[in-house]
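Take a look at the structure below. Keep it open as you read.

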Amino acid sequence: MPGPTMESEFPVEPQSLKKLSFKSLKRSLDLFSPIHGHFPLPDPESKKIRTSYKLNVEYGGIKGSAAEPNAKAGVQHQAQPASAPSNTLALPGPENTRDEKTGNELALGPSIPANGPTDVRFSGKSNAVVPSHGSSERNLSTAAIMERIPSRWPRPIWRAPWKNYRVISGHLGWVRSVAVDPSNTWFCTGSADRTIKIWDLASGRLKLTLTGHIEQVRGLAVSNKHTYMFSAGDDKLVKCWDLEQNKVIRSYHGHLSGVYCLALHPTIDILFTGGRDSVCRVWDIRSKMQIHALSGHDNTVCSVFTRPMDPQVITGSHDSTIKFWDLRYGKTMATLTHHKKSVRAMAQHPTEDCFASASADNIKKFSLPKGEFMHNMLSQQKTIVNAMAVNNDGVMVTGGDNGSMWFWDWKSGHNFQQSQTIVQPGSLDSEAGIYALTYDVTGSRLISCEADKTIKMWKEDETATPETHPLHFKPPKDIRRF
């Protein structure tokens, strides 16, 4: 027969929460207070410590100087430099912890030596230099024991502003694309008037006009191995021109809609074209065969560039993503989703393993080959950016749909010049749009293709100095991580 349960032996009477809390309060008082019904008296020793701590925090920097007579202080200032006030957290300790020489309390923190006009605090990782202003310096309490981290943002070097020195007119429609010959003697432009024109780079004179496209010419590239030029347009056609005979020798058929961008592989005879059918197609130049159709974007592929090593193809699209492609298998290696708007322009740095991409929300910099996000450019152009280019000196230029042309320092992301293109007489102000940008081979001349049917050429202003055009740079305070 089972024994009686515990509940029957010790019945628990139901108690209210108020009664239980009063009971626990009474037990606490039984333990810690000899007098029932009264709160313990304040401890004078703890009050003294608390008051001393507050006084040291608030007035520790000026307490020593206020106690000295003015005359004595004046003599000491003439004889030797005054010691800098201590901004460290000071607490009173036992008698044997006091410094016998100064009589100050034990300081919790590193001492601050005064070596002239500036004091270098916390000589660990931080190199921040904090000026010392003698006894008038305000004690910053908790800020005094915080490590000061200097801005590690690279400071841009001074760069001369760029100026327009030549305007070339000749096209009868918007100028949509440009490419420079590797020998740096001529450049070609493609236009909405369905023609390709070849110009002398030094004089700006027209050398040749090529016809063959039946829609506007959106992409151009010049081969550095052969005398070939490649063009692509809204008519779905990709053409290879032999510049010795000045005629089309190959056509590449396969795009289902307009072709918006075009790039040549730097080492292999391969051509890349991207268009409105959301596919980047890879062509063998000689056999006209399509090697791959790099599909994966959800919208128009509007920018592409290539490099000798993996990832060999990088595409930007109106679906706001950037994709890295494995050229062997025709598969995506990585997708960058940092942008919120269409990635209409990308530019690879000529010497560094990184590239920049432009969108209406921001201009971002990524490292290669992994595509790690580095930083945003420090200003927002606040327009649709159609084109960008960067030269060996680290000057990046971006051209907007509203005719704004901004120049950037590549390393720091500082925008050192903002210029606005001037439309030609007879054009509307709304035709101030920049569609294509490229530097010449040396990087000292810039060519812009615009909506007012002109081509403008730019160079650095040789008369500018740091005094006439000072550098206005403020390091960013909050850096976005995406």
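The report below covers a sheet, a nonpolar core and a serine.

## The model

This is a predicted model.

## An open sheet

Four strands line up as an open sheet in the order β6-β7-β8-β9. Their pairing is antiparallel. The edges belong to β6 (175-180) and β9 (206-211). Each has a single partner strand, so one side of each lacks a neighbour in the sheet. On average, neighbouring strands of this sheet are turned by 20° against each other, direction ignored.

Now zoom in on one pair. Strand β8 covers residues 195-200 and is joined to β9 by 5 bridges. These two strands run antiparallel. Trp-199 has Leu-206 in β9 as its bridge partner.

## The largest nonpolar core

The largest nonpolar core has 14 residues. Ala-358, Ile-363, Met-388, Met-396, Trp-408 and Trp-410 touch the most other members. Strands β22 (345-348), β23 (354-358), β26 (385-390) and β28 (404-409) each supply at least two residues of this core.

Take Ile-363. Leaving out residues up to four places away in sequence, Ile-363 touches Ala-358, Met-388, Met-396 and Trp-408, among others. Its contacts also include Ser-357, His-375 and Asn-376.

## Ser-317

Ser-317 sits in strand β19, which spans residues 313-317. Is Ser-317 buried or exposed? Ser-317 counts as buried because its relative accessibility is 0%.

What does Ser-317 touch, not counting residues up to four places away in sequence? The residues are His-297, Asn-299, Thr-300, Val-301, Cys-302, Ser-342 and Val-343. A polar atom of the Ser-317 side chain also lies 3.1 Å from the backbone nitrogen of Asp-319.

Methods
Residues numbered from 1 in each chain as written. Predicted model: local features only at pLDDT ≥ 70, side-chain atom pairs only at ≥ 80, totals over all residues. Heavy atoms only, no water. Buried < 20%, exposed > 50% of the residue type's maximum accessible area, 1.4 Å probe, protein only. Polar contact = N/O pair within 3.5 Å; in protein donor to acceptor, adjacent residues only side chain to side chain. Contact = heavy atoms within 4.5 Å. Pairing = 2+ DSSP bridges. Axes fitted to C-alpha atoms, helices over the stretch in contact; angles between N-to-C directions. Core = buried A, V, L, I, M, F, W, Y, C linked by side-chain atoms within 4.5 Å.
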